[in-house]
Amino acid sequence: RVDRENPYEASEPRIAAGDGGRLLVVWVTPVATLAKGELRRGLYSATLGSGAEGFGSQLLVDPNLKNGTGTAPSVAGAVPGKAIVVYRVITHVFGLAGEVTSAVQLRPGDVVADIRVARLEGDRWSRLGAINRNPAASMRPPTETNGPQVAIGAGGRAVVAWQEPDSSGAARIW
């Protein structure tokens, strides 16, 4: 059990494995209830060291995933104290009452989203922020196949890929 410190349901778990059986897990879970009753979700992590009996204490990666829909985290690296996670945060859904944005909706059903990156160093996550090429343009709605991805090479350098439309609305990989 990874999320034993949090009383709420967890979703979208992802795991990375390292040398010697070390594991790193990330997941989405509620962190707050807003005034209108809406749940605010956050991204958490926990590690299991080589030969350990159980996962260590959970760490907060990002406290504000909005409602947490379509986060699709991808995590890489389980070297002690070094990892990277990329994830999507839906910041606006077109057509919802009370929501206003200056973003451009390129196609029906599109949403406005951040593609965010965070890096684990030691026992602390550093949020590197959104890496979208054009955060003012809409993206395709989340599916199982269009979430961001991350990988780490043997030298410890990471590469992140995500889907984002160009100015014509054609989906591209960046």
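Modeller: Start with a cut-off: buried means under 20% relative accessible area. Keep in mind that this is a predicted model.

Colleague: Why is tyrosine 44 called buried?

Modeller: Its relative accessibility is 12%. The limit is under 20%. So tyrosine 44 counts as buried.

Colleague: What makes tryptophan 27 count as buried?

Modeller: Tryptophan 27 has 2% relative accessibility, so it counts as buried.

Colleague: How many aromatic pairs does the structure hold?

Modeller: The structure holds one aromatic pair. Its rings belong to tryptophan 27 and tyrosine 44.

Colleague: Why is that pair called stacked?

Modeller: Rings pair if their centres lie within 6.5 Å, and planes under 30 degrees apart count as stacked. Here the centres of the tryptophan 27 and tyrosine 44 rings are 6.2 Å apart and the planes are at 20°, so the pair is stacked.

Colleague: What parts does the pair tie together?

Modeller: Tryptophan 27 is in strand 2 and tyrosine 44 is in strand 3, so the pair links parts 17 residues apart in sequence.

Colleague: Where is arginine 41, and why is it called buried?

Modeller: Arginine 41 is in strand 3, residues 39-48. Its relative accessibility is 17%, so arginine 41 counts as buried.

Colleague: What does the side chain of arginine 41 reach?

Modeller: That side chain reaches the backbone oxygen of asparagine 67 at 3.3 Å. The cut-off for a polar contact is 3.5 Å. Arginine 41 also touches residues including Glu9, Val28 and Pro63.

Colleague: How do you know that serine 138 is buried?

Modeller: Serine 138 has a relative accessible area of 1%, so it is buried. Its place is in the loop between strand 8 (124-130) and strand 9 (149-152).

Colleague: What does the side chain of serine 138 make with the side chain of aspartate 110?

Modeller: The two side chains make a polar contact, at 2.6 Å. Among the other residues in contact with serine 138 are Phe94, Leu106 and Pro165.

Colleague: Which members of the largest nonpolar core touch the most other members?

Modeller: They are Leu43, Val85, Tyr87 and Trp125, in a core of 15 residues. Strand 2 (23-33), strand 6 (82-93) and strand 7 (111-121) each supply at least two residues of this core. Strand 6 gives the largest share, four residues.

Colleague: Which residues does a second core include?

Modeller: This separate core has 11 residues, including Val86, Val111, Ala113 and Met139.

Conventions
Residues are numbered from 1 along each chain as its sequence is written. This is a predicted model: local features need pLDDT of at least 70, side-chain atom pairs count only at pLDDT 80 or more; totals for chains, interfaces and linings use all residues. Side-chain values use heavy atoms; hydrogens and water are left out. A nonpolar core is a set of buried Ala, Val, Leu, Ile, Met, Phe, Trp, Tyr and Cys residues joined through side-chain atoms within 4.5 Å. Buried means under 20% relative accessible area, exposed over 50%, partly exposed in between (1.4 Å probe, protein chains only). A polar contact is a pair of N or O atoms within 3.5 Å; within protein, one must be able to donate a hydrogen and the other to accept it, and residues adjacent in sequence count only if both atoms are side-chain atoms. Contact means heavy atoms within 4.5 Å. Rings of Phe, Tyr and Trp (its six-membered ring) pair if their centres lie within 6.5 Å; planes under 30 degrees apart count as stacked, over 60 as edge-to-face and the rest as tilted. Lists of a residue's contacts leave out its neighbours within four places in sequence.
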